[in-house]
Amino acid sequence: MPDKTAQLKAFERLLHIMDELREQCPWDKKQTMESLRHLTIEEVYELGDAILDNDLEEVKKELGDVLLHIVFYSKIGSETNTFDIADVCHSICDKLIDRHPHIYGDVVVKDEEEVKRNWEQLKLKEGKTSVLEGVPKSLPAMVKASRIQDKVAGVGFDWETPEQVFEKVEEELAELKVEILKGDQDAIESEFGDVMFSMINYARFLNVNPENALERTNKKFIKRFQYLESKAKALGKSLKDMTLSEMDVFWEEAKLL
């Protein structure tokens with residue numbers, strides 16, 4: 001088992017450093033929750049990159065950056081006697097205990113899906129009027145679609161088989177094709193959105209995270225295209241001066257790497 005004493009001592013060290021920076025550093029003294037917000041979002045994305053790259057050393061560093069932001073917000077909250085890091089910790093502890101009655105109570109569950117359904121029902125009992133209230137408005141559209149589908153599935157609003165979902169994908173593709181032939185740009189965009197929403201739903205049935213899948217493809221494309229650029233440069237050519245067939249030779253080489 002990890003040494004809790006050492007872990008708590010390390011966390012206490014971070015809290016002391018945060019106190020000193022807030023008192024002595026001109027930059028840290030100026031920060032507000034609003035000024036930190038976009039930086040926090042960047043840190044979370046950097047953590048996501050490290051996870052996708054399976055770079056555990058970088059994951060450790062990025063987790064530290066995210067943790068710093070949590071401590072920073074808590075320090076700012078303590079300065080107005082609104083909340084401090086202890087309140088933050090107790091809040092999440094209380095929530096975890098309340099949301100896991102199968103661990104801290106007498107509720108019996110048979111599998112992960114039942115845990116998720118119970119979780120959403122408990123949230124409604126806490127005063128939420130919709131299972132979708134917990135989906136942040138500012139989430140990127142693909143992540144938001146995935147979370148929406150997870151949420152509604154948690155209360156039983158879901159397809160029964162992957163085949164049904166794929167049929168829906170095909171149906172949406174057919175509707176998109178109709179609108180493309182009509183040339184109605186607004187309808188095309190609407191149907192294109194339906195296709196993407198259906199594909200994200202299908203990904204869930206395949207146990208694929210659509211955001212991770214697309215980012216893997218982004219990284220793959222970047223790597224191959226940069227290989228193409230390097231080969232063109234080695235030949236003293238500009239990509240603009242090369243034919244598609246010439247570029248395709250190097251693209252196929254990149255795929256084999």
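**A tour by question**

Visitor: Is Ile97 buried, partly exposed or exposed?
Guide: Ile97 is partly exposed, because its relative accessible area is 39% (buried is under 20%, exposed over 50%, partly exposed in between, with a 1.4 Å probe and protein chains only). Ile97 sits in helix H5, residues 85-99 (helices are DSSP runs of H or I with at least four residues, numbered from the N terminus).

Visitor: What kind of model is this?
Guide: This is a predicted model, where local features need pLDDT of at least 70 and side-chain atom pairs count only at 80 or more, while totals for chains, interfaces and linings use all residues. Residues are numbered from 1 along each chain, and side-chain values use heavy atoms, without hydrogens and water.

Visitor: And where is confidence lowest and highest?
Guide: Mean pLDDT (the predictor's confidence per residue, from 0 to 100) is lowest in helix H7, residues 112-125, at 79, and highest in helix H4, residues 56-79, at 98. For the protein chain the mean is 92, with 100% of residues reaching 70 or more.

Visitor: Staying with H7, is Glu114 buried or exposed?
Guide: Glu114, which lies in helix H7, counts as buried because its relative accessibility is 19%.

Visitor: New topic: how much space is in the largest pocket?
Guide: The largest pocket holds about 790 Å³ (an open set of 1 Å grid points where a 1.4 Å probe fits, with protein on both sides within 12 Å along at least five of seven lines; lining residues have an atom within 4 Å of a point). Its lining has 26 residues, and Val44, Tyr45, Leu139, Pro140 and Val143 lie nearest the centre.

Visitor: Which elements give two or more residues to that lining?
Guide: Helices H3 (33-52), H8 (141-153) and H11 (210-234) do. H3 provides the largest share, with ten residues.

Visitor: What about the backbone at Asn54?
Guide: Asn54 has a positive phi, near 55°, and is not a glycine. Most residues other than glycine have a negative phi. Asn54 lies in the loop between H3 and H4 and is exposed because its relative accessible area is 60%.

Visitor: And where is Asn207?
Guide: Asn207 is in the loop between helix H10 (185-205) and H11. Phi there is positive too, about 60°, and Asn207 is exposed, with a relative accessible area of 74%.

Methods: Grid points are joined across faces, edges and corners, and a volume is the space filled by probe spheres set on the points.
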